[in-house]
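Colleague: I am new to reading helices in a model. Could you take me through some features, one at a time?

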Amino acid sequence: MPIKARISRSRILITGATAVAVVLILTLTVTTYDHTSPRAARANTLGSVTGNVDCRKAKCVALTFDGGPSLTTPRLLDILKKENLHATFFVQGKGHISRYPEILRLISDGAHEIGNHTWNHKNLTDIDVDDARHELARTQDAIEKVTGTRPILMRPPEGRTNRKVAKVCKDLGLAQVLWSVTAKDYETTDSALITKRVLKQTHRDGIILLHDLHKGTVPAVPGIIKALKERGYTIVTVSQLLAPATPEPGMVYRP
């Protein structure tokens, strides 16, 4: 074989070997965690549903809000009350629970579901176990102090989780809740665009993520609710979406 051909063949072999090595490394370092969908959770659970909504039969979608409580939350609560709806609020500690405990109490008094969204909104996968536990435990304590109840749900900031986070959540009695619909309302104040994004992505058994602290979000909610109802959706909390299954601590629920 000519020298040039042998060199070319060697380069190909080296490139191929490098690619295989990269794939193997990625395969070995990919973070995995236990997860299931709302539909699968329901299907694997026997029993009846408490309340008047059974998402095994109804076309359900869960409505959730992150990052509050904030000064815009009371207006959102008025909208939900007028529509006779309940949502799930994943609340944050610093600058929110600590600053607006009375608004958190309004959420609780309205019979909405309250979940944990950490104290400082740190990515739990980027910090050590003790810090992750503190982020969640401190928020648990603050919520209980205001409402009298400790949450059983949490949402990891940016949806980032792994087995370390799952272990901490399991120890604290918290199930993890991700989402299937995001309006990216943190990057726009255009309520019409927020509405359009939500409706485009929503499907049965979905979980909608919004933020009640952003300027364009709360004004979009009435239109979102109206359009979802017109499309035959029943709007529920996360726990209602899972029922008759109950949230399993540490488990990740994602549509």
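Colleague: What covers the buried residues of helix 3?

Modeller: A word on the source before I reply. This is a predicted model, where local features need pLDDT of at least 70 and side-chain atom pairs count only at pLDDT 80 or more, while totals for chains, interfaces and linings use all residues. Residues are numbered from 1 along each chain as its sequence is written, and side-chain values use heavy atoms, with hydrogens and water left out. Now the terms. Helices (H or I, at least four residues) and strands (E, at least two) are DSSP runs, numbered from the N terminus. Buried means under 20% relative accessible area, exposed over 50%, and partly exposed in between, with a 1.4 Å probe and protein chains only. The cover of helix 3 includes strand 2 (60–66), strand 3 (88–91), helix 5 (101–109) and helix 9.

Colleague: Which residues of helix 3 are buried?

Modeller: Thr73, Leu76, Leu77, Ile79 and Leu80. They cover an arc of only 160° around the axis, so they lie on the same side of helix 3. The arc is taken from the directions from the helix axis to the C-beta atoms. On the other side of helix 3, Arg75, Asp78, Lys81 and Lys82 are exposed.

Colleague: At what angle do helix 3 and helix 9 pack?

Modeller: Axes are lines fitted to C-alpha atoms, for helices over the stretch in contact, and angles run from 0 to 180 degrees between N-to-C directions. Under 35 degrees counts as roughly parallel, over 145 as roughly antiparallel, 65 to 115 as roughly perpendicular and the rest as oblique. Helix 3 (residues 73–82) and helix 9 (residues 217–230) pack at about 15°, with axes 9 Å apart. That makes helix 3 roughly parallel to helix 9.

Colleague: Which residues of helix 3 and helix 9 meet?

Modeller: Contact means heavy atoms within 4.5 Å. Arg75, Leu76, Ile79 and Leu80 in helix 3 meet Val218, Pro219, Val221, Pro222 and Ile225 in helix 9.

Colleague: What about helix 5 and helix 6: how do they pack?

Modeller: Helix 5 and helix 6 (residues 129–147) pack at about 70°, with their axes 9 Å apart. They are therefore roughly perpendicular to each other. Pro101, Leu104, Arg105 and Ser108 of helix 5 make the contact with Ile143, Val146 and Thr147 of helix 6.

Colleague: Now a loop residue. Is glutamine 92 buried or exposed?

Modeller: Glutamine 92 is buried, because its relative accessible area is 12%. Glutamine 92 is found in the loop between strand 3 and helix 4 (93–97).
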